[in-house]
Amino acid sequence: MHINQIQAFLAIAQAGSINKAAQQLHITQAPLSRQMQALEDDLGVKLFIRGNKEIQLTDEGHILAERGHEILELVNNTRQEIINFSKSATGTINIGSVPTIGALVIPNIIINYKKNHPHVQFKVWEGESLRIIELLEKGIIDIGFIRPPFKDNDYNVFNLQDEPLCLVYNNRFFTFDENSPVDISAIHDQPILCIQKYLPVLQQAYAEYGYTPHIFCQSDTILPVLAWAKAGLGLAIAPLNAYQTIAKDSELSALTFDNHLLTTGSAVISKKNRYLSNICKDFIEEITQKNR
C-alpha cells in the first residue's frame, strides 16, 4: 500500500465514482481502476461495491477512508517537521484541544506568540480529552489541551489555572439567591445534570455534607446538560468560563459554589521522547510564561 494509492482511493471515495475521481486527478479512468485493483489485491479485500454509475465503500473501505486521512496527515506533518528542522520561525503547529479551552485559552496565547513568530501557521483539532490524546498518540498533533483526569506517565504536562464549576439553571423552574454562592445543602435533593468527568468531584463535595447527588443525566459534553437545564429538567454543573463564553443562554442563569472542591483544571501535554520543532517548543514556553 503506497501513499499515491491512498490518495487515489480517497479521491474516489469522495467523488463517488472512479470516472469523476479520474477527472479531478487529471488522469484517465483505466489506470486509476488498475491502481485500485492493485490496492485491493495487496490488501486481500474488496474496498468498493461497484454500481452502474456510482460506487459505494465496503466496510473495509470505510476503515481505509478513515485511516487514510490520518495517514496522509501524518505524512504531511512529518514532511513539514523535516523541512522546518533548521527553521526556528516558520512552519505549522498542530494543536488538539477540548472545545472550551480552544475558545477561551488558545487565542490569547497566540496573540502574544504571533508577535515573535509572525510566519507560523496553525492547524486545530477539537474533541473531548480522550480524542485529543488519541491524536497525540498517532502523531497527528504536536500539543494537546485537555482536562484531567488522564494518565500522565507518557506525557510532558503543564497544568493551567483552575476554573470554578458553576450551577446553571432556568429560573422559571428553580429559584436561588443570585447574590450569593450556592451551598450544596440547597441542592442536595434536586435533579443534577452533570458532565461525566466532573461526577467524582461533585460526589466528593456532596459527601462533605453527608449527601449523595441525585444524578438525573450524565453527558460527555456541555451542550446536552445545558439543553436539559433550559428545559427545566434539572440543574446543570459546568465550567463557569465555558458557559459564559461558549454556551451562555438568555433563559439560563449561573451561580458559583461556596465549596472549594467544585473546580476543574486543564493542562497542556506533549508526548515524551517525541521530537518537537523549535516553533512548538517556543509555543509551549509562551504558555508556561503566561501561566506562571
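This is a predicted model: local features need pLDDT of at least 70, side-chain atom pairs count only at pLDDT 80 or more; totals for chains, interfaces and linings use all residues.
**Helix α6**

I started on the outward side of α6, where Ile-111 and Lys-115 are exposed. For me, exposed means over 50% relative accessible area, buried under 20%, and partly exposed in between, with a 1.4 Å probe and protein chains only. The helix itself covers residues 106-116, and its buried residues are Ile-106, Ile-109, Ile-110 and Tyr-113. These four sit on the same side of α6 because they cover an arc of only 95 degrees around the axis; the arc is that of the directions from the helix axis to the C-beta atoms. I take helices (H or I, at least four residues) and strands (E, at least two) as DSSP runs, numbered from the N terminus.

Residues are numbered from 1 along each chain as its sequence is written, and side-chain values use heavy atoms, with hydrogens and water left out.

**Aromatic pairs**

Next I looked up ring pairs, and the structure holds seven of them. Rings of Phe, Tyr and Trp (its six-membered ring) pair if their centres lie within 6.5 Å; planes under 30 degrees apart count as stacked, over 60 as edge-to-face, and the rest as tilted. Tyr-113 turned up again, in an edge-to-face pair with Phe-283, at 5.2 Å centre to centre and 80 degrees between the planes. That pair links distant parts of the chain, with Tyr-113 in α6 and Phe-283 in helix α11 (residues 278-290), 170 residues apart. Both Tyr-113 and Phe-283 are buried. Ring pairs also bring in Phe-122, giving a cluster of Tyr-113, Phe-122 and Phe-283.

**Salt bridges**

I searched the whole structure and got 13 salt bridges, each being a side-chain nitrogen of Lys or Arg within 4 Å of a carboxyl oxygen of Asp or Glu.

- Arg-67 and Glu-70 meet at 3.8 Å, N to O. They both lie in helix α4, three residues apart, about one turn of the helix. Arg-67 is partly exposed at 38% relative accessible area, whereas Glu-70 is buried at 13%.
- Lys-123 bridges to Glu-73, with the closest N and O atoms 3.0 Å apart. This one joins strand β4 (residues 119-126), which holds Lys-123, to Glu-73 in α4, 50 residues apart. Lys-123 counts as partly exposed at 35% relative accessibility, and Glu-73 as buried at 18%.
- Asp-142 and Arg-274 meet at 3.4 Å, N to O. Asp-142 lies in the loop between α7 (129-138) and β5 (143-146), Arg-274 in the loop between β13 (267-271) and α11, 132 residues apart. Asp-142 is buried at 6% relative accessibility, and Arg-274 is partly exposed at 24%.

**Nonpolar core**

Which residues have the most contacts inside the largest nonpolar core? I found Leu-167, Phe-176, Ile-187, Ile-192, Leu-226, Leu-235 and Phe-257, in a core of 36 residues. Elements giving two or more residues to this core include β7 (163-170), β8 (191-195), α8 (199-207) and α9 (222-230). β7 gives the most, with five residues. A core here is a set of buried Ala, Val, Leu, Ile, Met, Phe, Trp, Tyr and Cys residues joined through side-chain atoms within 4.5 Å.

**Positive phi**

His-26 has a positive phi of about 60 degrees and lies in the loop between α2 (18-25) and α3 (29-43). At 72% relative accessibility, His-26 counts as exposed. Asn-273 also has a positive phi of about 60 degrees, and I found Asn-273 in the loop between β13 and α11. Asn-273 is exposed too, at 86% relative accessibility.

Last, I checked Ile-215, which is in strand β9 (residues 214-219). Ile-215 counts as partly exposed because its relative accessibility is 24%.
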